[in-house]
Amino acid sequence: MPALCRDCLQELDAERRCPTCGSMRIVRHEELFDLTIAHMDCDAFYASVEKRDNPDLKDKPVVIGGGKRGVVSTACYVARIRGVRSAMPMFQALKLCPDAVVLPPRMEVYAEASRAIRAMMDGLTPVVEPLSLDEAFMDMTGTERLHGAPPAVMLARLIRRMRDELGLTGSIGLSHNKFLAKVASDLDKPLGFSVIGKAETDAFLRDKPVRMIWGVGAAGQDSLEKAGIRTFSDLLRWELDALNERFGALGFRLWHLARGQDKRRVTANAPVKSISKETTFFEDTGSVDILDGHLWRLSEQVADRAKAKGKAGRVVTLKLKRSNFSLISRRLSLRDATQMADTIYHTARGMFDIVSNQGPFRLIGVGIADIIEDAAADLSADLLDPKAAQRRQAERATDAIRERFGPDAILKGRSMR
């Protein structure tokens with residue numbers, strides 16, 4: 001059976017221990033050197049960056065997130081053993097792990113580490129599809145001739161480079177399609193390297209829970225549960241028409257995934273669908289002044305990201321979460337796409353004014369959607385707001401000053417609320 005030492009990268013013949021370096025970290029599989037679709041997922045990425053930068057945190061439970069009213073962004077594996085999970089309310093995480101070291105996220109630092117990892121992946125294949133800062137699909141088809149080694153070897157080399165050069169670790173899933181590659185990357189975290197081959201797909205999936213399906217959230221799982229679908233075997237008993245009738249478009253996808261089929265291609269430079277930012281408060285608030293300050297700051301952050309990406313949005317979105325976790329969401333289409341903080345803010349503020357009396361709120365978010373390239377953005381004059389063009393010109397001038405002298409060179413009064 002083909003095998004690979006993940007430490008010295010020697011191709012082996014199924015030995016239990018590497019004869020070259022003595023490592024026991026051997027991955028074995030009949031199709032190991034034939035599969036080309038991979039998913040790389042960093043291990044507790046934000047927390048790992050913090051532990052790398054502060055060795056005193058090495059053996060401590062580390063949680064990245066907001067204060068007591070926020071949620072967990074990432075928890076290290078020490079904290080996960082105690083039951084802490086991503087998206088868990090912070091107060092609940094601290095009950096489970098009272099000695100946790102809680103740190104605010106440092107997104108600029110995480111983004112820098114992500115760019116370094118992305119550069120390594122780009123060196124393996126031109127077909128990299130990032131899902132977030134810490135995970136991506138890779139299509140390694142045809143790269144063996146380029147690198148003189150099978151994809152499995154190059155993926156193991158990637159993880160070794162991440163460890164040696166960046167002080168970070170990740171897990172690899174290798175398979176024949178995106179769905180199974182992502183499933184595989186979760187099988188043996190952290191520091192995993194798991195393979196799901198074509199020949200074993202049906203047997204592997206048969207008794208697995210359907211919650212393994214990426215993108216089916218809690219509500220979707222509840223719907224499946226009510227239909228008596230808990231495992232892939234349960235799904236296999238349904239006809240395609242019956243699944244479509246019960247679950248709509250999701251039914252078509254479920255029918256194919258139950259059989260391990262996924263025809264989606266790994267797509268480099270997938271189009272940006274939306275840009276958004278949100279914040280969770282330490283205490284619920286219904287203060288219009290306080291919420292207005294957050295609206296402006298979030299609008300600036302969304303605009304900054306849009307400008308950096310060369311994008312603009314035809315739709316402005318507003319998200320509010322009440323203290324009972326119920327959501328209010330609004331969206332408004334614009335005449336022209338925008339990337340300007342002023343336009344995003346005034347549009348979001350108009351939507352907020354309609355629902356401001358439904359607070360207090362624990363979360364507020366702003367975004368743009370229906371994304372296009374920025375060349376067609378903010379072109380028309382606004383007859384109802386003749387000063388809008390003047391404010392856009394001032395914002396462009398402000399951007400230029402901040403680019404030269406730093407982000408705090410100019411601040412608006414409302415951003416101080």
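The exercises below concern a predicted model, and they go from a sheet to the nonpolar cores.

**Exercise 1.** Determine in what order the five strands of the open sheet are arranged, and which strands stand at its edges.

*Solution.* Reading across the open sheet, the five strands follow the order 8-9-4-10-11, with mixed pairing. Strand 8 (128-132) and strand 11 (193-195) each have a single partner strand, so one side of each is left without a neighbour in the sheet, and these two stand at the edges. On average, and with direction ignored, neighbouring strands of this sheet are turned by 15 degrees against each other.

**Exercise 2.** Describe how strand 4 and strand 9 pair, and identify which helix packs on the sheet.

*Solution.* Strand 4 (residues 37-42) runs antiparallel to strand 9 (residues 135-139), the two being paired over five bridges. Within this pairing, His39 has Phe137 of strand 9 as its bridge partner. Helix 7 (residues 178-185) packs on the sheet and touches strands 4, 8, 9, 10 and 11, while its direction makes about 145 degrees with that of strand 10 (170-175).

**Exercise 3.** Find which residues touch the most other members of the largest nonpolar core, and which element gives this core its largest share.

*Solution.* The largest nonpolar core has 53 residues, of which Met40, Phe45, Ile117, Met138 and Phe193 touch the most other members. Helix 6 (residues 151-166) contributes the largest share of this core, namely nine residues. Beyond its neighbours within four places in sequence, Met40 is in contact with residues including Ile117, Met138, Leu158 and Ile172. Another core, of 26 residues, lies apart from the largest one, and Trp296, Ala306, Val316 and Leu318 are among its members.

Terms used
Residues are numbered from 1 along each chain as its sequence is written. This is a predicted model: local features need pLDDT of at least 70, side-chain atom pairs count only at pLDDT 80 or more; totals for chains, interfaces and linings use all residues. Side-chain values use heavy atoms; hydrogens and water are left out. Two strands pair if DSSP finds at least two bridges between them. Helices (H or I, at least four residues) and strands (E, at least two) are DSSP runs, numbered from the N terminus. Axes are lines fitted to C-alpha atoms, for helices over the stretch in contact, and angles run from 0 to 180 degrees between N-to-C directions. Contact means heavy atoms within 4.5 Å. A nonpolar core is a set of buried Ala, Val, Leu, Ile, Met, Phe, Trp, Tyr and Cys residues joined through side-chain atoms within 4.5 Å. Buried means under 20% relative accessible area, exposed over 50%, partly exposed in between (1.4 Å probe, protein chains only).
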